[in-house]
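Take a walk through this fold, from the overall layout down to single side chains. Keep the sequence and the model side by side as you read.

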Amino acid sequence: MLGTVLELPEDALEEYVLSNTRFYYGAAEMLREDILEKFSRKIGGIFYILPSSVHELILVPESTFICTEYLREMVKEVNEDVVTKEEWLLENVYYYDSEKIKIRICNKKENM
């Protein structure tokens, strides 16, 4: 399926939703290098990937600059307050390096 990236409302933190066209198990789109690379070009570089649920991911451009601990806390709160346990993913925050075209897990306490 073709991945879909949606822009969230203007008053929100600059973030985007990544899922598939059905918004069903769309977090697997994180494995699609072509989509991540296309998004990276659209925003001009590096971004964070937050696993919102098994159905979607939140993408946050690095230019927004937020400490990774804050992003990890956001994931944790969404898991606890919004997402059913069956739809949880890990509370890791990922980082897409557009130069190396790689995803890595951000270390705890790490500020990029």
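The model is predicted. Its chain holds two helices and six strands. Read from the N terminus, the order is β-β-α-β-β-α-β-β. The chain counts 112 residues, and 41% of them are buried. The exposed surface comes to about 6,800 Å². Carbon and sulfur atoms supply 52% of that surface.

Start with helix H1, which covers residues 33–43. Its buried residues are Ile35, Leu36, Phe39 and Ser40. Viewed down the axis of H1, these buried residues fall within an arc of 135 degrees, so they line one face of the helix. The face turned away from that buried side carries Glu33, Lys38 and Arg41, which are exposed. Gly44 follows H1. The phi of Gly44 is positive, near 85 degrees.

Now turn to the strands. Strand E4 spans residues 56–61. Is E4 enclosed or open? Five of its six residues are buried, so E4 is largely enclosed by the rest of the structure.

Strand E3, residues 47–53, runs antiparallel to E4, and six bridges join the two. A hairpin links E3 to E4 through two residues. Across this pairing, Pro51 stands opposite Leu57 in E4. E2 also pairs with E4 in the antiparallel sense, here over three bridges. Tyr16 stands opposite Leu59 in E4.

As background, side chains in a regular strand alternate between the two faces of the sheet.

Look next at Ile49. This residue sits in strand E3. Its relative accessible area is 0%; under 20% counts as buried, so Ile49 is buried. Which residues does Ile49 touch, not counting those up to four places away in sequence? They are Met30, Leu57, Ile58, Leu59, Asn92, Val93, Tyr94, Tyr96 and Ile103. Leu57, named here as a contact of Ile49, is also the residue of E4 opposite Pro51. Leu59, too, is on the contact list of Ile49, and Leu59 is the residue opposite Tyr16. Asn92 shows the reach along the chain: Ile49 and Asn92 are 43 residues apart in sequence, yet 8.9 Å apart in space, C-alpha to C-alpha.

Ser19 is buried, with a relative accessible area of 0%. What lies by its side chain? A polar atom of the Ser19 side chain is 2.6 Å from the backbone oxygen of His55.

Finish with the cysteines Cys67 and Cys106. Cys67 has a relative accessibility of 29% and counts as partly exposed. Cys106 is buried, at a relative accessible area of 3%. A disulfide is a covalent bond between the sulfur atoms of two cysteines. How many does a search of the whole structure find? The search finds zero disulfides.

Technical notes. Residues are numbered from 1 along each chain as its sequence is written. This is a predicted model: local features need pLDDT of at least 70, side-chain atom pairs count only at pLDDT 80 or more; totals for chains, interfaces and linings use all residues. Side-chain values use heavy atoms; hydrogens and water are left out. Helices (H or I, at least four residues) and strands (E, at least two) are DSSP runs, numbered from the N terminus. Buried means under 20% relative accessible area, exposed over 50%, partly exposed in between (1.4 Å probe, protein chains only). Accessible areas come from the Shrake-Rupley method with a 1.4 Å probe; for residues, only the protein chains shown count as cover. A polar contact is a pair of N or O atoms within 3.5 Å; within protein, one must be able to donate a hydrogen and the other to accept it, and residues adjacent in sequence count only if both atoms are side-chain atoms. The arc is that of the directions from the helix axis to the C-beta atoms. A disulfide is a pair of cysteine sulfur atoms within 2.5 Å. Two strands pair if DSSP finds at least two bridges between them. Contact means heavy atoms within 4.5 Å.
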